[in-house]
Amino acid sequence: MSARARSQQRAIGARSEVQPKAEKLELLDTAFELTEFRSFADLGACWGVDGAYTFHAAELCGNELERAVIVDGHLTPLTRERAKEVPNVELVQALLGSDEALDEVGKVDALIMYDILLHQVKPDWDRFLLNWLPHTDALIIFNQNWLKTPRTIRFVDRGLDWYYENVYVWEDDWNTRDRLESWFKRHNERDADGRLERDNHWYWQFGIRPLELVGLLARNGFELVYMKRHRHAFGRSRPWIVNDGLIFQRAAYPELGAGGRLRAAARSLAKRTGLLERLRRP
Ligand SMILES: C[S@@+](CC[C@H](N)C(=O)[O-])C[C@H]1O[C@@H](n2cnc3c(N)ncnc32)[C@H](O)[C@@H]1O
């Protein structure tokens, strides 16, 4: 981790419940170098970290920061307090997939999507991404990607026991089996916004296969320019869940058709995860 990222981690995390993660700060450093963003929106910036990644990205831009937009369904008090101290930071309290969020953000150089993609239902994660693409030229994604099944799946479709065995990564005072059971029992109830509890974005909803994510974006003109995988992010008992940091940029493989972009994306992903090397080994 760079010295700057280290001191940011200490300073920004000082009063928050969750310390900013070094790998997420570093991903921002790399994205800043690669894409030279000067405006960005941080979608789902608040829980636990109170906008830490926004303020780190703003610091990277320094005096050249044009706009930083924090979007969240719940803007925490500390996020609001910090935003007052940094010029050009805007706050939007809205559902991340709503027209209101899309309109308020408008066009920015980069979108930060940290720990939010697998939570998105209606619009589901893939439609959610497509809706946001016209609003940016770069995506900085950190997602709990899924390797256990050959295709992307919706977790709740598999039932409570399966969810508990395969997906539920925390067992602590708050995240108990009872709590999970109670959520499953309430699946057909509606929340204050009229949405079904089953679709609640506070729970993990989709197991997203990384190649499907990369393929979707390649087919829609976004090239994977950087990827770092953090294995065993949730312990050795859940090796099928990996934290992937990914950076995509617009105008990928402009000379190729959709098939070519997809093959190039698959090659690029295989190379970055070491799969290509393993396949080639006699
Ligand atoms: C798991 S936290 C991640 C926080 C931070 N980005 C990080 O990486 O530590 C998800 C955040 O996104 C917000 N969020 C996720 N999905 C949302 C949605 N569909 N509408 C509104 N807010 C959402 C939650 O309120 C929460 O603040």
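Predicted model: local features only at pLDDT ≥ 70, side-chain atom pairs only at ≥ 80, totals over all residues.
## A guided look around Val108

Leaving aside residues up to four places away in sequence, Val108 touches Ser39, Phe40, Ala41, Arg67, Val69, His135 and Thr136. You will find Val108 in the loop between helix H5 (99–105) and strand S4 (110–114). Is Val108 buried or exposed? Val108 counts as buried because it has 21 C-beta neighbours inside 10 Å, and the cut-off for a buried residue is 20 or more. One of its contacts, His135, is 27 residues away in sequence, yet the two C-alpha atoms are 6.2 Å apart in space.

That pairing leads to the chain as a whole. Take the contacts between residues at least 6 apart in sequence: 69% of them join residues at least 24 apart. The protein chain has 282 residues, of which 34% count as buried. Its secondary structure comes to 11 helices and nine strands.

Now turn to helix H2 (residues 22–35) and helix H3. Their axes come within 10 Å and cross at roughly 35°, and the crossing is right-handed. Which residues of H2 and H3 meet? From H2 come Lys24, Leu25, Leu28, Asp29 and Phe32, and from H3 come Tyr53, His56, Ala57 and Leu60. Sorted by class, this contact has six nonpolar residues, one polar residue and two charged residues.

### A helix with two faces

Helix H4 (residues 77–85) has three buried residues to look for: Thr79, Arg82 and Ala83. Why do the buried residues of H4 line one face of the helix? Seen down the axis of H4, they fall within an arc of 105°, so they share one face. On the buried side, H4 packs against helix H3 (52–61), strand S2 (67–72) and strand S3 (89–93). The face turned away from that side carries the exposed residues Pro77, Glu81, Lys84 and Glu85.

### Backbone details in the loops

Glu36 and Asp50 have a positive phi although neither is a glycine.

Another detail sits at Pro123, in the loop between S4 and helix H6 (125–132). Is the peptide bond from Lys122 to Pro123 cis or trans? The bond is cis, with omega near 0°.

### Around the ligand

Finally, find the ligand. How many residues surround the ligand? There are 18, and the closest are Gly44, Trp47, Gly73, Tyr114 and His201. The shell around the ligand divides into eight nonpolar, eight polar and two charged residues.

How values were computed:
Residues numbered from 1 in each chain as written. Near = placed C-beta within 6 Å. Nonpolar A, V, L, I, M, F, W, Y, C, P; charged D, E, K, R; others polar. Buried ≥ 20, exposed ≤ 12 C-beta atoms within 10 Å, placed from the backbone. Helix = DSSP H or I, 4+ residues; strand = E, 2+ residues; numbered from the N terminus. Arc of directions from axis to C-beta. Contact = placed C-beta atoms within 7 Å. Axes fitted to C-alpha atoms, helices over the stretch in contact; angles between N-to-C directions. Left-handed = near helix turned anticlockwise from the far one by under 90°.
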